[in-house]
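Here's a quick tour for anyone opening this one for the first time. Have a look at the structure, then read on.

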Amino acid sequence: MIEIQNVTKSYSGSKKAVDTLNLTIPDGKIFGFLGPNGAGKSTTIKMITGILPIDEGTITINGYDVTQNPIEAKKAFGYVPDHPDMFLRLKGIEYLNFIGDIYEVPKEVREEKIESLTKTFGIYEVLNDPIQTYSHGMRQKIIVTGVLLHEPDVWILDEPLTGLDPKSSYTLKEMMREHTRKGKTVFFSTHVLEVVEQLCDQVAIINNGVLEFNGDMSDMKAQFQTDGSLEQIFLELTNHE
Amino acid sequence: MSNTFTLFKIMMKQYFSWADKDDKQKTGILFFIIAMIPVTLFWFWFVNGIVSGIHPILAEANLQHLIIAFALLITGLTIILTSIPTIVTSFYFANDLESYLTLPVKAYQILIGKTLAPLITVYGATAVIMVPTLLMYGLTDGAGSVYIIFSLFTFVLFPIIPFILASILVMFLMRFANIAKNKDRTKVFAGIFSFAMVIGINVVIRLNQNPENMSSDFAQWIQKQDDLLWGTSKFLPNVYIATKAIESTYWWQNALFFILLFVVTGLFIALFMWIGQRLYFQGVQGISSGNKGKTFTSLSNKLYVRPVYWSYTLKELRTIYRTPSFFINCIVQNLFAPFFILIIMFFENNLGSITEMVDQFNEKYILLAMFGISLFVMGSNPTATSSISREGYNWFTNKYLPIDPKTIIYSKALAAWIIDWVSIAVLFILFTFLLKVPFLVIALWVVLTALASWFSVFMGIYVDLNNPRLNWSDEQQVFKSRFAPLLTLLIQAFSFGFLILATWNLPFISGLWLTTLTLLLGTGIALYIAHKIAMKTTQKRFHYLG
Ligand SMILES: Nc1ncnc2c1ncn2[C@@H]1O[C@H](COP(=O)(O)OP(=O)(O)OP(=O)(O)O)[C@@H](O)[C@H]1O
Ligand SMILES: [Mg+2]
């Protein structure tokens, strides 16, 4: 569970990238985070993960405040950033060992998970190559593998499906469903509305740093009194100024 | 044409992106300039010694213009040799290259844009040699306004041809010799090559240390080599023309030769663009960095469970080892620093007399001298001062991973400390086998140095934490024109310089053990302070960086 209370953030300028945001991401649900480019999705996610300092407000993950108890809070989630270009000089297997050490994953668990995950994603053969030589999608897969390796309760994924091939995309979506079935949390941002419609249990739409909508699909249709597609609602919500 | 200029503007901005300087950096620059004044004065004095020594001798045979020819020749050769690594990096390995390749511009346009940055460096090198030479020559020769004007013009035009020759050489090598299948390896070679050059030049200068002695021998030598010199200048055709443009009997001769220089330079530029258009793109494409390893087969013997701090330290060491510019700056340079000291000692006195000195000297002073030298070597190592900056865009990973910032800093410190041992090992060999320092002194020195190295490391991290450069586009920028390493070296020089001087001069600190104890105490206190401020700053700034 992630609780975001009255969170505000502005980069150097006066314009607020995120403005008094209140959002609760409950357990057991796949939570989709929508919004046009520059809406504040990545900014919100970076504050949840501790990458950006919070200007005002509080964020807790499984009850741990991210600024007061950062280490506990960080142990509770796994994060896939929007640009997967990191640890490029490490080999795939070295990166996974590094993650395993940080999250204290026992050796047997590592062996079993790395084998099954990387084989599913089709990156097992390249584990001995530096991540620098990976394609965009392969980099994403190694980071997703790293997240799944330590089985965090909360998954935070910034546009995780862009760049994945259909099979891997399907696998990841299945994994998200599986994870929430166990009563855990999945929070992810995306631009692909079809994915939201088929996958998400709950949706929040943000525009210009302000929350425009928060609820499930039936809420949405009720609120907008329309049988229109999510696309129409999204365009209507984010275009009106 | 206008899109060419836009392209240049963007490229320069990219290259000098760090140049949006804040106040802190401005004071740093001021500081640097002040520090450079004595060095500059010394250099002018040195050149003056040579020029005014040779001039009268050559003037007897009316050959004094050979001084200018010789200076130009040296400048040209220096440009050709030293600009090769810069050209390779700028033309072929800059990280922003890929984004230009997709633009709808011609190869030669990208090429010229990529030329601007290294060309600036070339003018710097030219200025270092030519400005004092031309000035001192002018003063000695009593030259007039024609000399001054044509010197200026020639200064602007002269470096272009040697630079173009170096570029064409590089482009041919990259295209046909295919030395660049692997980007990383080539970068390392280019780096080591330039270090070797610097050391070579150093040796040559040191061989001719005494300017008085040197100038008369040299003048005789030059007189004998008259033909040879002009012969050599055929390799660099513009040396002859440029010399004539600066120093002729009548002003219209100067002007004619200058126009000739202008035309020849123009021809070379045209040639450069023509060759670039043909060779550049094929050379650039297909360069990749990183090595594909063997296909992964067995998982179980690749799994290692390690404590977090050690895992992180290994990550740091691997990144340094595998990133060419980090490897060159942090490790290779580290190996060369002791070599420099050896060269200086070797040519200052000869080695034999130093070994003799070691025999006669009080052990206290030997230990102090060794301690001072190792502090200098460790202080000039940029591993610690780049601890934070090396991360660049990746800095954010340190903020979402559940590792205590303190652990991260300790791991970075440990990595830098381990790398310090590379130079400690070289110094150890130097002291033990070449200078034959007694064993006990060596043992105490190792203990002291190991401790002082921690100080150096924490000080470096403290400085880097306060002013890291995280927004680089090319790894080389982590080390280029930053004041962090210099600042750390100076802090170290001041604090330990005081300690060493005091210990050296205080009469009641005598004998090896008391000296060691004093140094241990001093180093201990310094280390305590450095550690404390580094950790305080970590707490304060860690989450706000990047
Ligand atoms: N490093 C930064 N410095 C200054 N402003 C920034 C920075 N990063 C983001 N912004 C601004 O903050 C606002 C929100 O950006 P954010 O990255 O959160 O958008 P997003 O919703 O993730 O967009 P996208 O769908 O394109 O990923 C934008 O107006 C952007 O210009
Ligand atoms: Mg985003």
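Let's start at the ligand: a polar side-chain atom of A:Tyr11 lies 3.3 Å from a nitrogen atom of ligand 1. This is a predicted model, where local features need pLDDT of at least 70 and side-chain atom pairs count only at pLDDT 80 or more, while totals for chains, interfaces and linings use all residues. Residues are numbered from 1 along each chain as its sequence is written, chains are lettered from A and ligands numbered from 1 in the order in which they are written, and side-chain values use heavy atoms, leaving out hydrogens and water.

Here are some ligand distances:

| Residue | Its atom | Atom of ligand 1 | Distance |
|---|---|---|---|
| A:Gly38 | backbone N or O | oxygen | 2.8 Å |
| A:Glu159 | polar side-chain | oxygen | 3.3 Å |

On its own, ligand 1 exposes 640 Å² (Shrake-Rupley method, 1.4 Å probe), and the protein buries 61% of that.

Now for the two chains. In total, 40 residues of chain B are in contact (heavy atoms within 4.5 Å) with 38 residues of chain A. About 3800 Å² is buried between them (accessible area lost on being put together, 1.4 Å probe, summed over both), with carbon and sulfur atoms giving 60%. In chain B, the residues losing the most area to chain A are B:Phe296, B:Tyr400 and B:Pro402, together 20% of what that side buries.

There are three salt bridges between the chains (a side-chain nitrogen of Lys or Arg within 4 Å of a carboxyl oxygen of Asp or Glu). One joins A:Glu94 and B:Arg318, whose closest N and O atoms are 3.3 Å apart.

Note on methods: Buried area is the accessible area (1.4 Å probe) that two parts lose on being put together, summed over both. A polar contact is a pair of N or O atoms within 3.5 Å; within protein, one must be able to donate a hydrogen and the other to accept it, and residues adjacent in sequence count only if both atoms are side-chain atoms.
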